[in-house]
Amino acid sequence: MKMKYIPLLATVLVGACYVSIAQDNVIEIRKPTTHIVPISIAGFEGEAQSVLAFDLSALGMEITAPDKAEYLVSGTQNGRIEGRLSAAGAAQPLWARAYAGGAIRAQAHAFANDIVKEIRGTVPIFETRIAFRVQEGSSTEIAVSEFDGYNATVVTHDSTLVEGPSWIPGGRGLLYTSWKNGGEQILEHNLASGQRRAFADFPGANLSPAVSPDGQRVAMILSRSGSPNLWVSKMNGSDLEHLTHTRDEDSCPTWSPDSQEICFVCRSGRAELQKVSANGGPARALRVVGVYGNLTSPDWSPDGKWIAFTSGSGHFSICVAPAEGGDAQQLVAGEDPCWAPNSRTIVFCRQAGNKRILSLLDVPTKHVKDIRQISGSCSEPSWAR
Amino acid sequence: MKNAQNLIGTFLLSMALAMSLTGCKHRPPMTTTIPDTATRPGPGNGAPTTDNGTATTTPAPVTGEPIPLSNGEYTSLFNGSANEDRTRFGADTVYFDFDSATIKPSEEPKLQDMANYFKDNKKFEGLVIEGNCDQRGTEKYNLSLGERRALAAREYLANLGVDPKRIKTVTYGSSRPADTGQGESAWKKNRRDEFILVTPK
């Protein structure tokens, strides 16, 4: 071989090795989370198949044939799930794991959590719960289910009006507004024991409880001062503080993830989103650009970056704005958004025929997935975080 | 021959270096990206709302001081054991404009009627005011607005000399519509305060 060709040969060979190494390490290829990921599922049937298909679809993935997929999910189910995730074109799977114990749905959810963590990089949500309000006829009750609507239990039987379930962080219970004793009281409901106690029973309305993420305080709307305003107390009811003095009314409190601030709706003439420190001080408007009309029902994402809310009067839309204010995006028709622990998925309700149903929204792809419905019209979903 | 060996050695060194460099890459943290799409107002949006052809301007905020809630000596009247009469003031249901808790001039005579009743009536009677909304707000928003409508009637009655301790407010948000139909002809019947006369048994 001529000497002068050796440097060229060396360069070409180094280049070839680099490319083949890069292809083997396909986890290094990162695509933006806004795109819908085609993915195939093979080797599963029944509930394992349907859980995998639902969960991945909820995170903005499209179930396709293997030749169109970017990722391939495969495995077996023989009492336990053995699952593999591969990138298209790769000789070896990224990983292979086994999921044993519990029901087949739980195994499949755990597998799906690992797949989503690999592809989206988000924290797991497929073994979490939601609470919501369900209406049949003229009475409403509170129900709790898995995030996908399965294993739903109606936890109240008061045949009266209830509204606005709010989880106690950790999931041991709920606070909600009940009319069972003639007026609006906030009840605290222990889910394990079924025991309830009146959390707030002041003269006037006691509405819209929101427990702080650190579990220490509760924000609520009380009308005891003569106008419905934002108040905060400790979880044991002490240290009650009157935070806003809006002459018309305030509504819809939601906490920042550091439990220091509250975003809420203030109506003084028109309704707008505002923020106030949970420790007192002046409230200030949240600047929202590009979405018009009444902005209500805010929910602050667990990572602190976004506030989801409902826009509109009658025709409602789910919108998202930066938590510090700025350009908002109107995403899908619906109302009452609540973020999942992953700060990416939102549960909300939307009109379907003559009732409302619960759905999941994958914010970056705007993909909507209806969850399993119980009978009745469902609204005000709250995600246990 | 020695030059070739040096080149091959350099080549092997380069390859080793390339392999170690690719192995050192680490994942950047994932962040949720909101799609960069143009926003257009959806149906029903646009400020201000003019659904019913009445006021097109933003409602003026309410003036005057709020009146704290307490029933004092009338508390036992509202513990569920008294008589509730929906018909006595059934014709005095007070109606509101969209998104407003302001008592309109057209509704004032109804409240004057009720104030006259309590002025003339020396018995131990009270009033429950139930505030309601049409369906065009989210539920928590409507609960607060319904309560504000009940309080607005209470304030008006108090300013006419009715002891506010005789009055209890309840909100039903949009959960107790008078008319479940669609459109303004139904919605305007739902934006209301209803008045229940409470008398001891």
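1. Does S159(A) count as buried or exposed, going by its C-beta neighbours inside 10 Å? The model is a predicted one, and in it S159(A) counts as exposed because it has 12 C-beta neighbours inside 10 Å. S159(A) belongs to the loop of chain A that runs between β8 (153-154) and β9 (162-167). Its phi is near 50°, which is a positive value in a residue other than glycine.

2. S343(A) is another serine of chain A to look at. Its phi is near 55°, again positive in a residue other than glycine. Its place is the loop between β27 (335-339) and β28 (345-352) of chain A.

3. The domain assignment divides chain A into domain 1 (36-120) and domain 2 (129-383). The C-alpha centres of domain 1 and domain 2 of chain A are 33 Å apart. Seven residues from domain 1 of chain A and nine residues from domain 2 of chain A take part in the contact. On the side of domain 1 that touches domain 2, α2(A) provides the largest share, with three residues. By type, the residues of that side of domain 1 are four nonpolar, two polar and one charged.

4. Helix α3 of chain A covers residues 104-120, 17 residues in total. From its first C-alpha to its last it reaches 24 Å, close to the 24 Å expected at 1.5 Å a residue. Just after α3(A) comes G121(A), with a positive phi of about 75°.

5. Which residues of α3(A) are buried? They are Q107(A), A108(A), H109(A), A110(A), F111(A), A112(A), I115(A), V116(A), I119(A) and R120(A). The elements of chain A that cover these buried residues include the helix α2 (46-58) and the strands β1 (37-42), β3 (71-77), β4 (81-87) and β5 (95-99).

6. An open sheet in chain A is made of four strands in the order β13-β14-β15-β16, with antiparallel pairing. At its edges stand β13 (206-211) and β16 of chain A; each has a single partner strand, so one side of each is left without a neighbour in the sheet. In general, the strands of a sheet pair through backbone hydrogen bonds, and they do so either parallel or antiparallel. Strand β15 (residues 229-234) of chain A is joined to β16(A) by two bridges, and the two run antiparallel. On the β16(A) side, E241(A) is the bridge partner of V232(A).

7. D248(A) counts as buried because it has 25 C-beta neighbours inside 10 Å. What separates D248(A) from S268(A), in sequence and in space? The two are 20 residues apart along the chain, while their C-alpha atoms lie 5.4 Å from each other.

8. Chain B has 201 residues, of which 36% count as buried. Its secondary structure comprises four helices and five strands. Along the sequence of chain B these follow the pattern α-β-β-α-β-α-β-α-β. Among the contacts in chain B between residues at least 6 apart in sequence, 77% join residues at least 24 apart.

Methods:
Residues numbered from 1 in each chain as written. Chains lettered and ligands numbered in written order. Predicted model: local features only at pLDDT ≥ 70, side-chain atom pairs only at ≥ 80, totals over all residues. Buried ≥ 20, exposed ≤ 12 C-beta atoms within 10 Å, placed from the backbone. Pairing = 2+ DSSP bridges. Contact = placed C-beta atoms within 7 Å. Expected span 1.5 Å × (residues − 1). Domains from an automatic or database assignment. Nonpolar A, V, L, I, M, F, W, Y, C, P; charged D, E, K, R; others polar.
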